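This report goes through charged pairs, charged surface patches and a few backbone details. The sequence and structure come first.

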Amino acid sequence: MGLAAAKNKRKLGNDPNNTKWSRNTDSFGHKILRAQGWQPGDYLGAKDVAHAEWHTEANSAHIRVVLKDDTLGLGAKRNNGDECTGLDAFQHLLGRLNGKSDDTLETERKAREDLKRSLYVEKKFGTIRFVKGGWLVGDQVKDSPDEGAVDPQNESDSEAPKSAAEVAEATEIAPTKPNKGEADEDDARKDDKKRTQEKKSKKRKAESEAEADGESAKEKKDKKSKKRRAEAEEGDGEASSTSRRSKKRKDGVKVIEEFAQSPSAAVSEAGGVPDHSDCAAETGKAKKEKKDKKRDKTDKKERKEKKRRKESALETATPTSAESNLTTPAGSGYSTPVPAGSSRYLARSRFIAQKKMAFADSAALNQIFMIKS
Amino acid sequence: MAFKRSSAEREDTQDSKRQKTNGDGSSTMDPKQNPYLAHQYEDDQNGFKSPLDEFERHKTTAVQAAKAEDSDLNPWTGLPHSQQYFKILKTRRDLPVNKQRQEFLDMYHSTQILVFVGETGSGKTTQIPQYVLYDELPHLTGKLIACTQPRRVAAMSVAQRVADELDVKLGEEVGYSIRFENKTGPKTLLKYMTDGQLLREAMHDHEMSRYGCIILDEAHERTLATDILMALLKQIAERRKDLKIIVMSATLDAQKFQTYFYNAPLLAVPGRTHPVEIFYTPEPERDYVEAAVRTVLQIHASEPEGDILLFLTGEEEIEDACRRISLEVDDMIRESDAGPMAVYPLYGTLPPHQQQRIFDKAPEPFRKGGRPGRKCIVATNIAETSLTIDGIVYVVDPGFSKQKIYNPRTRVESLLVSPISKASAQQRAGRAGRTRPGKCFRLYTEKAFKKELIEQTYPEILRSNLANTVLELKKLGVEDLVHFDLMDPPAPETMMRALEELNYLACLDDDGELTSLGSLASEFPLDPALAVMLISSPEFYCSNEILSITALLSVPQIWVRPNNARKRADEMKQQFAHPDGDHLTLLNAYHAYKGAEQAGEDVKKWCHDHFLSFRHLSSADNVRAQLKRIMETHGIELVSTPFQNKEYYINIRRALLAGFFMQVAMRESSNSKVYKTVKDDQLVMIHPGTVVTSPYDWVVYNEFVLTTKQYVRTVTNIRPEWLLEIAPNYYDLETFEKGEIKSALTRVAEKIRRRQAMKGGK
């Protein structure tokens, strides 16, 4: 615990668990229970009953509780500053030593890189949001891919879990160079793109490596989460195949779409299109049809993800700046958001804009300089 | 007995009816002519022939029953059905359970114990008891049908609903019975009751002989009383083969129930639920309240119409979140044309009229065709199962709830924020799919869901102090506590502690048998310590006052301390403050309340002005009347010391010790704020809500809680001499560990001895 960490002092008695009492086998309770045939270490309850298979620790000793007096979310660990950082470089090696197959190592590495890249873009430029614009089936744009001859449902279905990383790639590129995003999800071109991206990523890596240590810790965390996400998606895929798909046969595609989007942060940018048959069409449309109602759903998730990102990015920063994000919602009317960590920029740019406006307005200027016209 | 007799008479009438149809009406003295029995034959006077007459018990079919339900005259009362009845009947026929009525009856006929699973919205709570009613025909046997509910409100409202559905008056054919209210009559055939109430009845009727069928509803909630009832019914079912038992659960993991009841057959009815999409966060949240607020705002900003349900842990957190959400939404409306949003808090201690507001319709859009309005309910986990709010489409679940847990070693009851269970998380998500497909946003990762959450919420029996339960079990005739066949046996230490406490309270003798005091104490629906205090209060000439204090301690806090007027509330409380402690302060407030009532003041306003909860005070009044009745039936005197007597408060303080001598703490050292509990040696502080300002050396406390620190709450100053005098058994200095408390008590004992010697010398 560093000096700056929150103090958490608590005075404890000599025997906070009162083991004195629990060790005392002469107590009245002990006596009565033993008289009725109980042995220390036994469960209470009828002997040899079928439902005993469900008995847990809680049936043998009282339930232990942890005093929680903060608002740390479920699963979050308080960073005490003693976490190892900078282990990313060794992940490959460590994974190999742990006997992971080359394939998984490769995917993990890719995921890590994707994340790093997306984080970089996120931090540097923010992300552009897109709006769902239907499916290009043949040469017509339709609302759902079902109508077409091809059955992309199955395709996207099987791909959904795996393709998360790929989708992420596509989307990472989109904000910086929308032309890239145009790329179809055709396998051939995908490979192409990957190559180009890998090249790029190397450059970026160099950049990002120059970044502070704290950040790399963050990234590491994110990487882990990426893996988790992949897991999550697999899980979801299964779940949907059992319960939901049966119920929502018709909406199958939608469900999958949303699954693909929601847990994976990066995906959101491209409007979570599982097969990006017409990314270009979308980017085009996106700017025109901002008030399309369909936007809502995707938008929502994007923002959510964005906020999360921002949060995670800001985790090291002061909570006040995190809060200020709240008051400046991402949907400021532009699909290109203000760069993350931006509340200051935002305020400044507003200020500048106001100034500019004032300068342009002669009446206002007169007022400022107190010139009577 | 009364029931058996009346049923015999009823059978007679049916015989006579049959005779009449045979055209042999003028036989001997027709009991119908007897004016004294006229009220029993109203049916016949209308010339009413109930379709039920053709029913054969345990051989009815769904078609038969449906026909009886469709008839113009009510088969149970003989009166014509109202218009409303047929309207309700139509909706009842649409319920998912209705499709499986025949299947249910077949199964019901074939088995003694049946496990029934129906998700929320299947209609099981209202329909199954009625199906049983049409098959069990309790008017012929005189054996009632009981349906238990974990909550009083549920028992009352469901009984009302079923009375409407059957087109009868509540309290006649259909009634309910809860702790402080019994709305049943001699005609009652179907009785909704709290599980605790059925347990109390069983204390006097070990065989539950009044009942022909017992339905345990909401068994998945695993309340203490339901758990004990299950174990008890399992035993009774062996002895009474005519008793039918239905265990109803809302969750699909009914396997445990089946196994427990000797592999009882299972009937499952799908609920009327829509799919719910589940979203996790990719990363754990740093601050779940913050994240929850943001998620709600995002939903409002971008999701289509539909209400939001957000689960948080406690009153303060909820009020805070409500405030923040409202503020942010106002901003959003001002800046970006968002729809209106109504934010309602919901927690147990909220007054009912405010709880009702959650059922209000979502606000209208600001203008026609504008963005739709929605409501957002910020609730504790009472919205998880107990309350059904329609229109919820989005659920936000941070994954925490406040849970009560008892530690038998330190005897602390803690109410702490802890992670929910997987089952609970699924229940919460399910709330989103009541009206249409919904979404559930979980503010934790899927990994956390899988790894950090336990499978099932711990049943209450594993989380409670069992002193009261053990006393009840003893009274129920359960001798062997070790091998009592509970579904989830409690930890042995918890059981030991309960036995030990009861032994010190003299409710159990040294062989573990119920004493007469214990038997008397079990008559009171109170914790044993409170009951013993009440029973022994006449010895201290203050049973009236102790009765009031007991009632005040069995209702929620009567002090109201709104966030925006804390200071004024504290000042008001100071008006009632008694320097010797909180128990006496409570009593003062109660006396002032009664005084205001007698002076004909507007008590509601008076309470509001004095920052007291009218609701809790009046319910304390109600509890007091109830307890008084029990005291009177058992011949416990109601006495008071005259108020002018200077012993008035001293007597009360001494009487407190008669029940709470095990809950005493001594100050660790002078000018310290830390106290040490007697025997358990736990370090505690006095809860800041106390009126006690001067630091007393010895205090008796009502409860020991663990919130952010270990606190004792509701404390009163006492003198150590009293301890040795009132509870010599517990304060047997031989049994004390060496330490400050022992030496302090030894000094006191020494002093007493010297004083006595002086008196003797005179």
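A salt bridge is a side-chain nitrogen of Lys or Arg within 4 Å of a carboxyl oxygen of Asp or Glu. By that rule, a search of the whole structure, which is a predicted model, gives 52 salt bridges over all chains. Side chains of opposite charge can pair when their charged atoms come close. Three of these pairs are set out below.

| Pair | Closest N and O atoms |
|---|---|
| B:Arg92 and B:Glu69 | 3.1 Å |
| B:Lys234 and B:Asp485 | 2.5 Å |
| B:Asp320 and B:Arg323 | 3.7 Å |

**Salt bridges in chain B**

The salt bridge of B:Arg92 with B:Glu69 has its closest N and O atoms 3.1 Å apart. B:Arg92 belongs to helix H4 (residues 83–93) of chain B and B:Glu69 to helix H3 (residues 62–70), so the pair ties together parts 23 residues apart in sequence. Both B:Arg92 and B:Glu69 are buried. They also take part in a network of salt bridges, whose other members are B:Asp70, B:Arg93, B:Arg101, B:Arg161 and B:Glu165.

In the pair of B:Lys234 and B:Asp485, the closest N and O atoms are 2.5 Å apart.

How far apart in helix H13 are B:Asp320 and B:Arg323? They are 3 residues apart in this helix (residues 315–336) of chain B, which means a separation of about one helical turn. An α-helix has 3.6 residues a turn, so residues three or four places apart point the same way. The closest N and O atoms of B:Asp320 and B:Arg323 are 3.7 Å apart. B:Asp320 is partly exposed, with a relative accessible area of 28%, and B:Arg323 is partly exposed at 44%.

**Charged surface patches**

Which residues form a positive surface patch? The patch consists of B:Lys751, B:Arg754, B:Arg755 and B:Lys759. One of them, B:Arg755, lies in helix H28 (residues 740–761) of chain B. Its relative accessibility is 43%, so B:Arg755 counts as partly exposed.

A patch of negative charge on the surface gathers B:Glu479, B:Asp480, B:Asp510, B:Asp511 and B:Glu513. Within this group, B:Asp510 is found in the loop between H18 and helix H19 (516–521) of chain B. B:Asp510 is exposed, because its relative accessible area is 52% and exposed means over 50%.

**A covered helix**

Helix H26 (residues 647–660) of chain B has 14 residues. From its first C-alpha to its last, H26 reaches 20 Å, close to the 20 Å expected at 1.5 Å a residue. Is H26(B) mostly covered or mostly uncovered? H26(B) is mostly covered, with 13 of its 14 residues buried.

**Positive phi angles**

B:Tyr262 is not a glycine, yet it has a positive phi of about 50°. This residue is in the loop between helix H11 (255–260) and strand S8 (266–269) of chain B. B:Asp337, also a residue other than glycine, has a positive phi near 55°. B:Asp337 is found in the loop between H13 and strand S11 (341–346) of chain B. At 40% relative accessibility, B:Asp337 counts as partly exposed.

Key
Residues numbered from 1 in each chain as written. Chains lettered and ligands numbered in written order. Predicted model: local features only at pLDDT ≥ 70, side-chain atom pairs only at ≥ 80, totals over all residues. Heavy atoms only, no water. Patch = residues over 30% accessible without salt bridge, like charges linked within 9 Å, V, L, I, M, F, W, Y side chains within 5 Å. Areas by Shrake-Rupley, 256 points an atom, 1.4 Å probe, with all protein chains shown as cover. Lys, Arg positive; Asp, Glu negative; His and termini not counted. Charge placed at Lys NZ, Arg CZ, Asp CG, Glu CD. Helix = DSSP H or I, 4+ residues; strand = E, 2+ residues; numbered from the N terminus. Buried < 20%, exposed > 50% of the residue type's maximum accessible area, 1.4 Å probe, protein only. Expected span 1.5 Å × (residues − 1).
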